[in-house]
Amino acid sequence: MAFPLQFNNPISTFSCSNLYNGNRTQPFKFLCTSSPQSDSSNSKEEAIQDSSWENDKGYVVLVEKYRNGTLKRYVIDNDSEMKMFLEEHVPTTSRSQDLDISGMELSWLPKVIKDFVLPSGFPDTVSDDYLDYMLLQFPTNVTGWICHTLVTSSLLKAVGVGSFSGTSAAASAAAIRWVSKDGIGALGRFFIGGRFGNLFDDDPKQWRMYADFIGSAGSIFDLCTPLYPSYFLPLASLGNLAKAVARGLKDPSFRVIQNHFAIAGNLGDVAAKEEVWEVAAELLGLSLGILALDTPGISKSYPTLALTWLSVRILHLWFRYQSLSVLQFNTINLKRARILVNSHVLHCTVPGINECNRMESILLWERFLRPRIIFEISLEEMINAGKYRSKQIKKLIHMYKEENYFLVVNEQKAADFQVFVSFKEGASSLSVFRSIWQTYWLYQNWGWSDNIFDRLEQSLVELRDRFPDLLQQLSDAGWDTNNLSLKVPKEMSINELS
């Protein structure tokens, strides 16, 4: 397979085909496909290829690896020009006989489905019995919902929709419509769990608050059904969908919060007692709601009912925000890391756990925080963002020799300070933390020099000199520095070869 590849300055333009043309005036040509091998075979083949390129085309300085098997090799040729060679991963249907059981069970699943239904990093991030449990839990839930559907039909008959001796079809039809409404709502939970499951550990406060906002929107659809009774099913379905999305955000977020409460490993006891509190609140709320409905002014006037609901809902959201504000996490996520690092860069001190949690913005998305940090950027984009030449690229590689990441400032956005960060193989949560510290030092000291490399070099000097003090202060203040909630992106990594 052959196709042209083009890159902006300084990456050279070349095309990929099955032959290499030795004419120096022609674009480089290279076979851009590769077949999957065993791990040992892959390592040997990559070593042979790198050695071959070092002899024929220059030398490989970096290899960018993607989860789908694609490789980008960055080569400096004999004229000291930087070139990039792309190797596409071509999947094959053949399988090794020594694969593990979990791999054999799921090898037929497309990657996009695996990422949707399984936790990030599976199977390394879960226990060995996870998959067996989920495979058996699935038919368990299917049979449970079949029973729920059948029981719903009986409940509708009991309240007068059809009868066993008369029009049973009416009850069945009503049950189908009612269950369809629930099914549409369940799609919301399905989507949230599959698409956003890896976000809840990082910021449970934010997602728990968003769950209530979305649930409130779902209740508005329910509230509109008396106004448009002929559209009951679509309105009720939209309401159920929104509330199911809210539940999909609420449940995993609150499990993280419960785990935070259970400092003695007593998660089951904490969850059970939380259920007691919730049921007590439910009974009291239902009682007060019934009393409100018995009030003639509310029950006979829809505007009064809607206004009462809106008032109580706003009060509900305010209480939710206050309850989340009092949470005191001692773990360091991205928002709290920004607060801690900014204080340390400016004042050489860090706020305590209580103060930092109060300063943390529950509602603000990470992408709106300043300075803007964009993780997992390809080296090509980083080079183009800084408009670096080959000599500068080599200097950049040498500069970050002791770090497990590369960080550059996007000079194409001078009005909005923005940094790009890409991580090397072996990077950890601590590497993410170090990159945040360097970002904030650059942000606070950006104008002292016109030379970007002087700024980067000085920021690294400051990082290596002052970061140990940051960790010591965090440990003294009670922060959990051994379990940082700073995830290293896994879609791409960089292997440094020289």
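Q: Which way does H7 pass H8, in a left-handed or a right-handed crossing?
A: H7 passes H8 in a right-handed crossing. For the terms: a crossing is right-handed if the near helix is turned clockwise from the far one by less than a right angle, and left-handed if anticlockwise. Helices are DSSP runs of H or I with at least four residues, strands are E runs of at least two, and both are numbered from the N terminus.

Q: What should I know about the model itself?
A: This is a predicted model, where local features need pLDDT of at least 70, side-chain atom pairs count only at pLDDT 80 or more, and totals for chains, interfaces and linings use all residues. Residues are numbered from 1 along each chain as its sequence is written, and side-chain values use heavy atoms, with hydrogens and water left out.

Q: Back to that pair: at what angle do the axes of H7 and H8 cross?
A: Roughly 120°, with the axes of H7 (residues 232-261) and H8 (residues 267-293) coming within 9 Å. Axes are lines fitted to C-alpha atoms, for helices over the stretch in contact, and angles run from 0 to 180 degrees between N-to-C directions.

Q: Which residues make the contact?
A: From H7, Phe 254, Gln 258, Asn 259 and Phe 261; from H8, Leu 267, Val 270, Ala 271 and Glu 274. Contact means heavy atoms within 4.5 Å.

Q: And how do H6 and H7 pack?
A: Their axes are 7 Å apart at an angle of about 160°, which means H6 is roughly antiparallel to H7. The crossing of H6 past H7 is left-handed.

Q: New topic: is Gln 206 buried or exposed?
A: Buried, because its relative accessibility is 6%. The cut-offs are under 20% relative accessible area for buried, over 50% for exposed and partly exposed in between, using a 1.4 Å probe and protein chains only. Gln 206 sits in helix H6 (residues 204-224).

Q: What is Gln 206 in contact with, beyond its neighbours within four places in sequence?
A: Lys 335, Ile 362, Leu 363, Leu 364 and Trp 365. Gln 206 and Ile 362 are 156 residues apart in sequence, with 4.9 Å from C-alpha to C-alpha.

Q: How many helices and strands are in the chain?
A: The chain has 16 helices and 10 strands. Buried residues are 37% of its 498 residues.

Terms used: Angles under 35 degrees count as roughly parallel, over 145 as roughly antiparallel, 65 to 115 as roughly perpendicular and the rest as oblique.
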